[in-house]
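Hi everyone, thanks for making time this morning. I'd like to walk you through one structure, so please take a look at it before I start talking.

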Amino acid sequence: MSKTINSFPEVLTIAGTDSGGGAGIMADLKTFQARHVFGTAVVVAVTAQNTLDVQASKLMPQSLINAQFAAIAEDFQIRACKTGMLGNSNRVRAVVQNLKKYNFGPIIVDPVMIAKGGTALLSEEAIVTVKRELLPLATLITPNIPEAEKLTGQHIENKVDFQKTARILQNLGAQNVLIKGGHQNSDTVSDYVLLANQTHFWLTKPRTHTNCTHGTGDTISACITAELAHGADLATAIRCGKNYVTATIEHPIQVGHGHGPLNHWAAQKEGLAYEKI
Ligand SMILES: Nc1ncnc2c1ncn2[C@@H]1O[C@H](COP(=O)(O)OP(=O)(O)O)[C@@H](O)[C@H]1O
Ligand SMILES: Cc1ncc(COP(=O)(O)OP(=O)(O)O)c(N)n1
């Protein structure tokens with residue numbers, strides 16, 4: 001007789017798909033799988049994308065977004081969730097309404113705006129909606145440098161700028177802030193964390209010189225979501241996210257001809273696989 005294993009926390013990603021398998025919902029689900037949580041998804045947008053560029057995209061009708069939320073709420077006990085590509089103001093509002101309606105645990109907001117190739121994944125007008133309506137729901141917001149600059153109007157060049165910007169994001173309503181430093185021009189990559197209780201710290205790793213960094217933002221936020229669902233405290237979850245994404249970048253795989261995807265097997269090789277099963 002087969003034995004049912006029922007010890008995987010259930011989590012949710014609310015984002016866009018990437019036909020090339022490297023970013024968006026695809027990166028989230030690969031990370032969830034590697035971190036031993038059961039991943040579900042609300043598809044807000046579909047993109048025709050590969051490692052070279054985003055070639056087309058379509059936003060899902062709001063009724064279908066609502067229906068996906070309802071289907072998940074009816075059948076799963078979501079312990080933590082994250083948002084990614086949300087497209088435009090109406091879709092951001094639809095997501096906000098659903099997040100208020102259902103209790104899906106801690107909300108990790110990755111305010112995805114622009115793909116590596118330069119394509120906008122969030123309309124300019126929607127940035128204000130994210131700021132006013134989504135940010136106050138965020139347990140943690142995880143912008144990269146350009147996203148943090150857009151949300152706050154603050155230019156980020158040095159460590160003090162990171163700190164000021166994180167404080168502005170908290171004043172806008174996000175409880176905790178992680179500003180990712182991948183877009184710096186340096187031999188190390190430093191991310192800055194400001195927690196709700198004002199504890200703050202830097203997470204610094206050597207920069208890997210590779211073009212296989214497609215999906216890094218999705219991956220770190222998905223890993224943090226998974227760890228929170230396992231019951232980790234936020235600081236531990238963020239440190240784990242940083243270790244996980246670093247491992248996936250440090251051991252590149254050869255897929256596609258542009259910005260390659262991450263190696264989601266790498267973290268397991270490094271003994272970072274979740275032990276509690
Ligand atoms: N070349 C790299 N080497 C090591 N870590 C990196 C590299 N590029 C990005 N990271 C890390 O990956 C995560 C995502 O970074 P970032 O590129 O800033 O965000 P996004 O993918 O959203 O643009 C961060 O933790 C960052 O420090
Ligand atoms: C559908 C979709 N969602 C998000 C992204 C952006 O992913 P991110 O990890 O922030 O960065 P790059 O993929 O641009 O490196 C995406 N491209 N597609």
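Let me begin with a term: two strands pair if DSSP finds at least two bridges between them. Helices (H or I, at least four residues) and strands (E, at least two) are DSSP runs, numbered from the N terminus. With that in hand, strand β6 (residues 140-141) pairs with β7 in the parallel sense, over two bridges. Leu 140 stands opposite Asn 176 in β7. On the pairing of β7 with β8, the sense is antiparallel, over three bridges, and Leu 178 has Val 193 in β8 as its bridge partner.

Before going further, some housekeeping. This is a predicted model, where local features need pLDDT of at least 70 and side-chain atom pairs count only at pLDDT 80 or more, while totals for chains, interfaces and linings use all residues. Residues are numbered from 1 along each chain as its sequence is written, and chains are lettered from A and ligands numbered from 1 in the order in which they are written.

Back to β7: are its faces covered or open? Both faces of β7 (residues 176-179) are covered, with Asn 176 and Leu 178 buried on one side and Val 177 and Ile 179 buried on the other. Buried here is a count: 20 or more other C-beta atoms within 10 Å of the residue's own, with 12 or fewer called exposed, anything in between partly exposed, and C-beta atoms placed from the backbone. By that count, buried residues make up 49% of the 277 residues in the chain.

Now the whole chain. Its secondary structure comes to nine helices and nine strands. The radius of gyration is 17 Å, close to the 19 Å that the globule rule gives for 277 residues, so the chain is as compact as a globular protein of that length. For that comparison, the radius is taken over C-alpha atoms, and the rule is 2.2 Å times the number of residues to the power 0.38.

A residue counts as near a molecule if its C-beta atom, placed from the backbone, lies within 6 Å of it. Ligand 1 is surrounded by 18 residues, and the closest are Asn 144, Lys 180, Gly 182, Thr 216 and Gly 217. Which element gives the most to that shell? That is α8 (234-250), with four residues. The shell divides into four nonpolar, nine polar and five charged residues. Those classes work like this: Ala, Val, Leu, Ile, Met, Phe, Trp, Tyr, Cys and Pro are nonpolar, Asp, Glu, Lys and Arg are charged, and the others, Gly among them, are polar.

Ligand 2 has 20 residues around it, with Gly 16, Ala 23, Gly 24, Lys 116 and Gly 217 coming nearest. Two or more residues each come from β1 (10-18), β2 (38-49) and α7 (216-229), and β1 gives the most, with four. By class, this shell holds six nonpolar, 11 polar and three charged residues.

His 36 is partly exposed, with 17 other C-beta atoms within 10 Å. Gln 198, also not a glycine, has a positive phi near 75 degrees. Gln 198 lies in the loop between β8 (188-194) and β9 (200-206) and counts as exposed, with 8 C-beta neighbours inside 10 Å.
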